[in-house]
Each structure stands twice: as structure tokens, then as C-alpha cells.
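Dear colleague,

I am handing over the structure below, together with some notes on its ring contacts and on one of its strands. Please read them with the model open beside you.

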Amino acid sequence: MSMAAAKTVEADCIAFTSLPHTTPLFADFLYHFEKVTQFYACDPQSTKWYAGAGRPTYPKDRREAVARVLERQNRAFGAGQKTLDNIQRLREGVPAVVTGQQVVLFGGPIFCILKALTAVMHAEQAGAVPVFWLATEDHDLAEVSSINLPAGDQPRRFSIDVPHTEGAPVGRIILRDEIVAAVQQVEASFGKSDAMELLADSYRPGETFGSAFARFYARLFADEGIILLDPSDPELHRIAQPVYHGSLAHWKEINDALLRRAQELESAGYHAQVKVTPSHTLCFYLEAGVRTPVRHGSDGDGFWIGERRVSDAELISESERCPERFNANVLLRPVLQDYLLPTLAYIGGPSEIAYFAQAGVVYEQLLGQVTPAIPRISATLVEPRQAKLLHRYQLALEDTFVGAEKLQELLAAKSLPESTLRIFDQAAEQLEQAITLMQAPLAKLDQTLVDASENAAAKMRHQLQSLREKAARAEARKNDETAIHANALSFMLYPNRQLQERELGAAYLVLKYGANMVSTLKEGLRLDCLDHQVVRIEI
């Protein structure tokens, strides 16, 4: 595949309520904030958070200690001078705009780039520095060990199977010879290029899932100055020790607050993203290298790490002596982030926004202040081939959100001979005229016949539409072209019946259009649009 230079035109916006899988909580957060104000710190439509009013105190010694770790980490990742300059700015008192994601193979899905760009763009507006939190302490290897990269119009899933301890943090898993074969497979699909060299230099034997992801993004975002943070660093655990200690020492108050919040969400017509039980705590413990949830027993019988019982005093004391043995679950993680960083806002996707509706009570218990959650840019990128097909069949992006089979029927319906389409249109028009003509006489005869005629009319409309659809299916069966086009549109715009940004790999854009695709996207994406953006790529 030859690399093409790309430019974007102005993005169009479509409401999330037009998209599949949008939850009521996220829709209300975006469009009816007055319904969810009790769950969040800030209206996403507002930029008042740029001023940082009410931000928790961030001591100078903590700022210096964190900056020291960040400089060490980012130098190791191969960060550019702008990133190092931003770390110095952080050291000198500048706040941060934070985002983060799992360290998925080959840079993760497209929304990883969108998250990073959203943080960069907001940080520039707010006079802050952008920070990307690498979720290296997550333990689900299946979620990070594969990615979809299109090869032409066909899906190609790239994955690696590496030796590992089940349940161990994925960021520590070392890439071995398996990664060489995977990179070679990618090169066979995309060819040699500077972008391919960037990917190969990042994903090489001896790196971990965490360090490879970081090396890739450090170079990809060198001109944007994004700071990468690996929370598995023992020094960061020591700095964050009060968070682990507080979450365990006050587990009962936090748990009760979370249970109340879950009830409040359900009473408001939403659901809690994270299920909380009476024995729930917010910590994991590294037991023989395995990330094991910490539970609390009933009747005050101490904490449980798997099958091992530990007294309250013993485990709380251990969190002070050995904080590197502990890490945070999804509800404690944002609090941990904002203890380590002077955060103005967290940039998150729909699921993370839902987490924040619950995490707010954890913030209140441990930090006394809730950080604003701001939605990341969400976008579908429409390349020239897909744009031509959408134009040919007179489709909007939303029309593709039906899956390949239904989409083929839609394309076939639009491909029926003009004479057939005209007959159906004339039949529909004549049916409506006949129905209208019947209404007045029937009403005079017997008013109840009006309702009966409406029911009969609905059935006739349904039968006519059903016949039109059968004709479309007949056309689809004999028209291979519509099947090819439907599959091409579905895979690229709604792969696996999911938004493109969630299913297709970020590396695809870089390998096809070059590393400067980041700056190209930055120019075309819009911070003022909280809807889903449709970005057309031109070559």
C-alpha cells in the first residue's frame, strides 16, 4: 500500500442521539445537563474549568517529585523537546489536562489518537500541559493483544500471543520474538515507509506493552508535546501512598457512598457503570504478581485478598510501607491521577463519563473536590472511496449503522431500475390519494369507520413497503456490486457493528497517511462540537 498525503475538510457534526449504543446518561450529560448536574462537577458545554477555580491544593514538593519521574520516563520513551519543555512547565506551576487509555497493541484504536488530540487542544486553550495516563496496571491481556487494521476494504486482525502470568498487569508483559512476526505482517500489508519504521522501532523485542505504546505515541505526538505517564512506576506509588491508605482506611464510608450513588443513578433512570457490592473496596493487591481484588469481610473480620485474610490494621499498614503492591480500580484511578497531577479536567469517552458519575463520591471522600469530566472528540473518518460510495447512493453516515446485510438491501433498493422505482413511488402516491378520498364519506357514514380505515391504510402502506423491500432483496441477490459496496462501507464506517473509532486501529491512519496525520486531524477536528464528528479525508 502506497502512502498518501492527506488533508481534512471541515468536520460535520451529528448528534449522539442519532448513533447506536448511546446511553441515556451520556446523552443527558451532553444535551440535558440539568438532569445530571448532581452527578458531575461541570457542564461539558462550559469552559469555565479552564480557570481551574476550586482545584485542590497541589504541594510544591509533590509537583517536583512527579515532574522528576515524568522527565525520567519520557526521556526513556524518546520524547521530543516540546514534551520535555512541558514537563518543565508543569514543574514550574502549570496545570494539566489529563486523558488516558489501555496500552493496546500498535497504538490501540483510533479513539486513542482522538483522546490525545482532545487533551492537546484543550490544554492549548487553557494554558495547561497535556498528559496521557498509560493504563499499564490493567490485567486483561485479551483487551490489548490484538487490533484491526484494514487491508484494502478487508478486515485484518493482527494479534500476538506472548508468555505471561494470567492476571498480571499487562504493561509489564515483555514483547519477545512474537512481535517481530506481527510487525512483519503489518509491513506486508502496508509496505515500507517512515511510519512503518516508527511502528517497528516502537514495537520491538525487549519492550513491554506499556513502553512500546509509549514510544509510539511519544514520537507520534512529538510536535504536540504530550506528556506520557506510566503509573506502575514504584516511585509514583510511593508518592500516591496516601490515596491507597485513605481508600482502605475509609473503605466503609466510601463503599456506603458508592451504594447510595448507585441508587441515586437508578432512581434518576440511569444505571451504574460499575457494580458495587457491600464488600467492595477500590484497591487491587499484587499477590505473587497477579492483580487480585481486595474485599472486606462481613462483621469486621478484616480484608480478603483472594482466599487470604488480612486484618484491617495489617493491610492499611502495608499500604504505607509497600504502596507499590497496591493499585487502583476504575473508580479510584481518576482520584489517583488527580492526586499525582494538578488536573484541570479529565478527557474521557462515554464509558469514562459514566464512571465519573460514580467516582464523584470517591473524590469527595479522598480529595474533597471533584474534577470536571469533559468528553473526548468522537469522530468517523470518511476516506475518498467511502465518500464516493456515500455520494453515489445518496447516503448519510447514519444510514450505514445497520450492518452489512441491511445496508446491501438499502443499496439495492437505490439501485433498482428507474422504471421500477417510479412505479413504486406512483403506487404510494395513488394509495395516499385513495385513502384521503375515503376519509370524509366514511366519517359521515360512521365515525368509527375512520379508525378502521386508518388501520387498513397502515396495513396497505406496510404491504407496499414490504413489496418494495422484497424487490430490493431480489436486486441484491443478482447484483454482486451492491454486496461489495455494502461490505466496503460497513467495514470501514461501522465495523463489527461498532463505531469506526472503537474498532479500527490508529496505526492504520499513520501507516496510510504518515505521522503528520496527527497535525492534519488537529486542524480538521472541532473542540466546539460535542457531537460525533464526520471528517472527510481528501488526498
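**Rings and charges**

Arg62 lies over the face of Tyr339, at a distance of 3.7 Å from the ring centre. This is a predicted model, and in it the charged end of Arg291 likewise sits over a ring, that of Phe284, 3.8 Å from its centre.

**Aromatic pairs**

The count of aromatic pairs comes to 19. One of them joins Phe29 and Phe33, which are arranged edge-to-face, with 6.1 Å from centre to centre and 70° between the planes; both of these residues are buried. Phe29 also pairs with Tyr40, and here the arrangement is tilted, with 4.7 Å centre to centre and 55° between the planes. Since Phe29 lies in helix α1 (residues 24–31) and Tyr40 in the loop between α1 and α2 (60–77), the pair ties together parts that are 11 residues apart in sequence. Tyr40, like Phe29, is buried. Elsewhere, ring pairs link Phe106, Phe132, Tyr203, Phe213, Phe216, Tyr217 and Phe221 into a cluster.

**Strand β13 and its partners**

Strand β13 (residues 343–348) is mostly covered, with 6 of its 6 residues buried. Strand β3 (residues 96–101) runs parallel to β13 and is joined to it by 3 bridges, and Ala96 stands opposite Thr343 in β13. Strand β14 (residues 373–375) is also parallel to β13, again with 3 bridges between the two, and Ala373 in β14 is the bridge partner of Tyr346. Together with helix α13 (residues 350–366), β13 and β14 make a right-handed β-α-β unit.

With best regards

Terms used: Residues are numbered from 1 along each chain as its sequence is written. This is a predicted model: local features need pLDDT of at least 70, side-chain atom pairs count only at pLDDT 80 or more; totals for chains, interfaces and linings use all residues. Side-chain values use heavy atoms; hydrogens and water are left out. Rings of Phe, Tyr and Trp (its six-membered ring) pair if their centres lie within 6.5 Å; planes under 30 degrees apart count as stacked, over 60 as edge-to-face and the rest as tilted. Buried means under 20% relative accessible area, exposed over 50%, partly exposed in between (1.4 Å probe, protein chains only). Helices (H or I, at least four residues) and strands (E, at least two) are DSSP runs, numbered from the N terminus. A charge sits over a ring if NZ of Lys or CZ of Arg is within 6 Å of the ring centre and within 35 degrees of the ring normal. Two strands pair if DSSP finds at least two bridges between them. A crossover is right-handed if, with the strands pointing away from the viewer, the path from the first strand over the helix to the second runs clockwise.
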